[in-house]
Amino acid sequence: METVQRKKFTAASWLLLVLFAILAVLMLFPLYALFLASLKPASELFRYGLNVRLDFDVMSLDNYRSIFTGKGEAGHYFEWYSNSVIITVLFTLLSLLFSSMVGYGLGMYRFKGRNLIFTLVLIVMMIPVEIILLPLYKLTVSLKLINTVWGIILPFMVAPLPIFFFRQFALGLPKDFMDAGRIDGCTEFGIFFRIMVPLMAPAYGAITILQAMNSWNNFLWPLIVLRTTDKFTLPIGLASFVTPLGSNYEALIAGAVLAILPILILFLFFQRYFIEGLTVGGVKG
Amino acid sequence: MQQQINREPALASKPRNRLANSQHLAPYLFVLPFIISFLLFFAYPLINAIIMSFQSVLPGEVTFVGLDNYRELWNTDFADALYNSSRYTLFTLLLLIPIPLLLAVMLNSKKMPFSNFFRSTLFIPALTSVVVAGVVFRMIFGELDGALMNSFLHLFGISSQRWLYSSELSMFALLVLASWRWIGINILYFLSALQNIPSDLYEAADIDGAGTRTKFMKITVPLLKPITVYVLTISIYGGYAMFTESYMLWAGKPSPQNIGLTIVGYIYQQGFQYFNLGFGSAIGVTLLGITLAVSMLQLILTGMFKKEE
């Protein structure tokens, strides 16, 4: 009966199809408009605003060229790009290592203080970091981490949501493997790295995407920590182009398109992991 | 057994190794990164925020001023920020819970063609950073006649609007931006929960002759409660923590008559533009109070305290 129902393309199916097609067009429209704008000279934008006029006479790759040839402030663009890549890679790797360790410790061992620590994880998860922005900034200054990569990474590297997720995952790991490892003379960390880490591969996949995306798109904290143009990350650099006078729209718009590109490409290849990563907190909570 | 006995002396000769092997110590070593990070980057700053909120912090000069900072909160800027953040939070809740829930139910329906394709498409805006999204929406809501929103209005014979100069219109712009980035994510949350609802519940309802609406109200909505509470929680959190969206829409400048000022925007302004760290901390502590109060209220209203888990 089910198969019959599925094959039949009913009126309801058509209605849903039309509704979602309209919705999809609306959702993709802003990105399409951005892409079109990136092909047009800034003068066009100033005269008409962002629009979807297809005018092949004025469209060119000049905006992208201005980034690659590095005229003016746009000269820093690829420096920002590589800063963002470095920070994202370091942040994600360290975050994976530490949050999986903590989550595994909380999920696999029974020890005194376990519940207290788990409660603290939940508290960190529930309190917005924006509340401690100023003292955290003061601390970063006194640790001499202002305007450094580590200043951005260290405070948020051991993140509560990934810990929570790894703990949930670790609760389902086979305890027998631990005893087997011990009998074979493995150290506790040996058991973790050699036996458990491979078993947690799906969790690592989801958290990698989640943390990489957060880091790549992170704005407020880097805005506070970073001071000099050469240290900027991509979002901070792009935001610095958004001045009320709008002096650098060419670089801004082409730069924005190039900033989305890596994440978009990753998404097209690893859709499943993105979806798992994003629903990490919700499903099991 | 034999092997283990043989290994004993080897271990004893390396006390450090034995310590690392200890099953009692190991869990603490595993959770150590969190303990250090919690104490240094969370507990210490949080206590510091509370202390600083009673201080006047100037370079090289810190004085206790009692409740002065809190008294100072009684001003129109803070009232504007509180009003904007609360209004934004409320509207995002009203928009971004029922609509994604309905869309998720539709996507989950057997009658839905290309469900996976639409799921991915609606999710794509979530990949963009708020900075990029802010750039795009700042231009979409531009004041020129040719800008997207205005040319759309022209289709209905409505004249151009200066979107980012009025409280109502700019709130609308912020909400469009929020909906654009969040609908896809919230749909995913609801979808993943929907797929965990056992299908025999619906089959049983079918046998009892229940209609689509009854099934939705009596099965789907109650069973989605945990995920709805989760989405509600992160939406309240996100609503009150909103900053970058308005920062980008007004290009990092103060918005006219504070129409885009949020609580976090006010913290940023006082702390990092006026270096008023004590007062900024008082705003932060107040925000902490607000978020705690709202979460408590929400937990009580949704009855999460009744359930022992």
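# Burial, cavities, ring pairs and confidence

Q: Why is Q55(B) called buried?
A: Q55(B) has a relative accessible area of 9%, and buried means under 20% (exposed is over 50%, partly exposed in between; 1.4 Å probe, protein chains only). Q55(B) is therefore buried. Residues are numbered from 1 along each chain as its sequence is written, chains are lettered from A and ligands numbered from 1 in the order written, and side-chain values use heavy atoms, without hydrogens or water.

Q: Where is Q55(B), and which residues is Q55(B) in contact with?
A: Q55(B) is part of strand β1 of chain B, residues 55-58. Neighbours within four places in sequence aside, V62(B), T63(B), F64(B), V65(B), N69(B) and G278(B) are in contact with Q55(B), contact being heavy atoms within 4.5 Å.

Q: How many cavities of 30 Å³ or more are there in the whole structure?
A: The search finds 4. On a 1 Å grid over the protein atoms alone, a cavity is a set of points where a 1.4 Å probe fits but cannot get out; lining residues have an atom within 4 Å of a point.

Q: Which elements supply the lining of the largest cavity?
A: In chain A, α12 (201-217), α14 (234-241) and α15 (249-269) each supply at least two lining residues. α14(A) gives the most, with 3. The lining also includes L127(B), T128(B), S129(B) and V132(B).

Q: How many residues in the lining of the largest cavity are charged?
A: The lining has no charged residues, with 8 nonpolar and 3 polar.

Q: Which helix gives the largest share of the lining of the second largest cavity?
A: That share, 3 residues, comes from α5(A). α5 (77-108) and α12 of chain A each supply at least two residues. Among the lining residues are S84(A), I87(A), W216(A) and P235(A), and the lining divides into 5 nonpolar, 5 polar and no charged.

Q: How many aromatic pairs does the whole structure hold?
A: Over all chains, 45 are found.

Q: What makes the pair of F192(A) and F30(B) edge-to-face?
A: The ring centres are 5.2 Å apart, with 70° between the planes. F192(A) and F30(B) are buried.

Q: What makes the pair of F243(B) and Y268(B) tilted?
A: The centres are 5.1 Å apart and the planes 50° apart. F243(B) lies in the loop between α13 (225-240) and α14 (244-249) of chain B and Y268(B) in helix α15 (residues 263-273), so the pair ties together parts 25 residues apart in sequence. Both residues are buried.

Q: Where in chain A is confidence lowest?
A: Helix α1 (residues 2-7) is lowest, at a mean of 49, and helix α8 (residues 149-153) highest, at 96. Over residues 1-5 the pLDDT is below 50, and this stretch has 2 contacts beyond near neighbours in sequence. Where pLDDT is low, the predicted coordinates should not be read in detail. Chain A averages 86, and 92% of its residues score at least 70.

Key. Predicted model: local features only at pLDDT ≥ 70, side-chain atom pairs only at ≥ 80, totals over all residues. 1 Å grid on protein atoms, 1.4 Å probe; cavity = no way out; pocket = protein on both sides within 12 Å on 5 of 7 lines; lining within 4 Å. Points joined across faces, edges and corners; volume = space filled by probe spheres on them. Helix = DSSP H or I, 4+ residues; strand = E, 2+ residues; numbered from the N terminus. Nonpolar A, V, L, I, M, F, W, Y, C, P; charged D, E, K, R; others polar. pLDDT = per-residue confidence, 0-100. Phe/Tyr/Trp six-rings, centres within 6.5 Å; stacked < 30°, edge-to-face > 60°.
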